[in-house]
Structure formats: structure tokens, C-alpha cells
Amino acid sequence: MRGYFAIGAEGISKPMNLGALMRTANAFGASFVFSVGAEPKLKVAYKADTSKTFESVPYYQWDAISDMAFPKGCQLVGIELTEDAITLPEFKHPKAAAYVLGRERGDLSPEMLAKCDHVVKIPTRFCINVSLAGALVMYDRVLSMGSFRDRPVMPGGPKA
């Protein structure tokens, strides 16, 4: 799979959610992790990240949306349950992408949504945990952009 991706959250306030997001990002091969307007106490997040992502994956902590700085060509993809968002199974992931999730008890801000090149929703009936939402987006990216064989027609795995 060519390209790169990053994942982060706006206004995240729970250290364990950030730690879980960082650990999952590391497992899926994220190039970096970020937060925007996060609670200052998030240094505790490292305790939830048993893979010690901070030792191998950069973490950028921006105070405001205006501070965000992504590489040239990187498309910002908001993950949010909005009426006009593209459903995740129908979304073609950009080669270079930074995915941003909303806070635990709220949505992406209107300012963040305005910055996004794409807005994608996970087809659930209601919002789910931020780290779980991040895991689903990263899994979908790997699944849709990887070079996996087609699934078999019958239940089970491919025949040997």
C-alpha cells in the first residue's frame, strides 16, 4: 500500500481514549497522530498506550485549528455523523490523508468541518467511542487500499 495517513481528534478530553487511539494508530501503521484543542491533562494518555507509540510515531498537539500543519497534498478527512457525509463503505480513501475525529461528548466544530476536504460517517445508528471510530476508519483504509485477495463466495477462508 502506497501513501500515508495520520489520525487525530479535535477537543479530546479523556486520556485513555487518546492512548487507545494512539496505540491503534501505531498498530495500523499511521505516520503520525495529532490532537487539536485537547485537554492539557492528556499527558496521562501515555499510560493507556502499552505499545509506547510516542517512541516511534510522532504526536502533534495543536492548540487551535489555525495551528494545524499537514504535508503538501495531504487531505483532511472529518469523521462525523452529518446528513451529507459519505458513508465509510462508499468512500475512496486519499493516498495521503489525515483523519480527524470529534470530541467524546460533541461533534467536530463547524470550523474544523470547513477545513475538511471530505466528511465521512460510519454507518451506525448513533455516535460510538472515539478510539473505536478511529479503529474502524483505519481498518477500512487498510482493507480498501491493501492488496488482499477477493473474499471467497462461500463462508470461510480461501481454499489452500
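Glu10 is buried, at 6% relative accessibility, where buried means under 20% relative accessible area, exposed over 50% and partly exposed in between, with a 1.4 Å probe and protein chains only. The side chain of Glu10 meets that of Arg103 in a salt bridge, 3.8 Å from N to O. This is a predicted model, in which local features need pLDDT of at least 70 and side-chain atom pairs count only at pLDDT 80 or more, while totals for chains, interfaces and linings use all residues. Residues are numbered from 1 along each chain as its sequence is written, and side-chain values use heavy atoms, with hydrogens and water left out.

**Salt bridge**

- A search of the whole structure finds one salt bridge, defined as a side-chain nitrogen of Lys or Arg within 4 Å of a carboxyl oxygen of Asp or Glu.
- Arg103 lies in the loop between strand E6 (96-101) and helix H3 (110-115), and Glu10 in strand E1 (residues 4-10), so the pair ties together parts that are 93 residues apart in sequence.
- Helices (H or I, at least four residues) and strands (E, at least two) are DSSP runs, numbered from the N terminus.
- Arg103 is partly exposed, with a relative accessible area of 29%, whereas Glu10 is buried.
- Side chains of opposite charge can pair when their charged atoms come close.

- Ser109 is placed in the loop between E6 and H3 and is buried, at a relative accessible area of 10%.
- Apart from neighbours within four places in sequence, Ser109 is in contact (heavy atoms within 4.5 Å) with Glu10, Ile65 and Arg103.

**Packing of H1 and H4**

- Helix H1 (residues 15-28) packs against helix H4 (residues 130-145) at an angle of about 15°, and the axes are 8 Å apart.
- H1 is thus roughly parallel to H4; angles under 35 degrees count as roughly parallel, over 145 as roughly antiparallel, 65 to 115 as roughly perpendicular and the rest as oblique.
- The axes are lines fitted to C-alpha atoms, for helices over the stretch in contact, and angles run from 0 to 180 degrees between N-to-C directions.
- The crossing of H1 and H4 is right-handed, that is, the near helix is turned clockwise from the far one by less than a right angle, and a left-handed crossing is anticlockwise.
- H1 contributes Asn17, Ala20, Leu21, Thr24, Ala25 and Phe28 to the contact, and H4 contributes Val130, Ser131, Gly134, Ala135, Met138, Tyr139 and Val142.
- Of the residues in the contact of H1 with H4, nine are nonpolar, four polar and none charged.
- In this count Ala, Val, Leu, Ile, Met, Phe, Trp, Tyr, Cys and Pro are nonpolar, Asp, Glu, Lys and Arg are charged, and the others, Gly among them, are polar.

- Gly134 is in helix H4 and is buried, at 0% relative accessibility.
- Not counting residues up to four places away in sequence, Gly134 touches Ile7, Leu21 and Leu101.
- Between Gly134 and Lys115 there are 19 residues in sequence and 19 Å in space, C-alpha to C-alpha.
- Gly29 lies in the loop between H1 and strand E2 (32-36) and is partly exposed, at 49% relative accessibility.
- Gly29 and Ala6 are 23 residues apart in sequence, with their C-alpha atoms 9.0 Å apart.

**Tyr4**

- Tyr4 is found in strand E1 and counts as partly exposed, at 23% relative accessibility.
- Beyond residues up to four places away in sequence, Tyr4 touches Ser31, Pro71, Lys72, Cys74, Lys95, Ala96, Ala97 and Arg141.
- The C-alpha atoms of Tyr4 and Pro94 are separated by 9.0 Å, and the two residues are 90 residues apart along the chain.

**Pro123**

- Pro123 is in the loop between strand E7 (118-121) and H4 and is exposed, at 54% relative accessibility.
- Pro123 touches Leu88 and Pro89, leaving out residues up to four places away in sequence.
- Pro123 and Pro89 are 34 residues apart along the chain, and their C-alpha atoms are separated by 8.3 Å.
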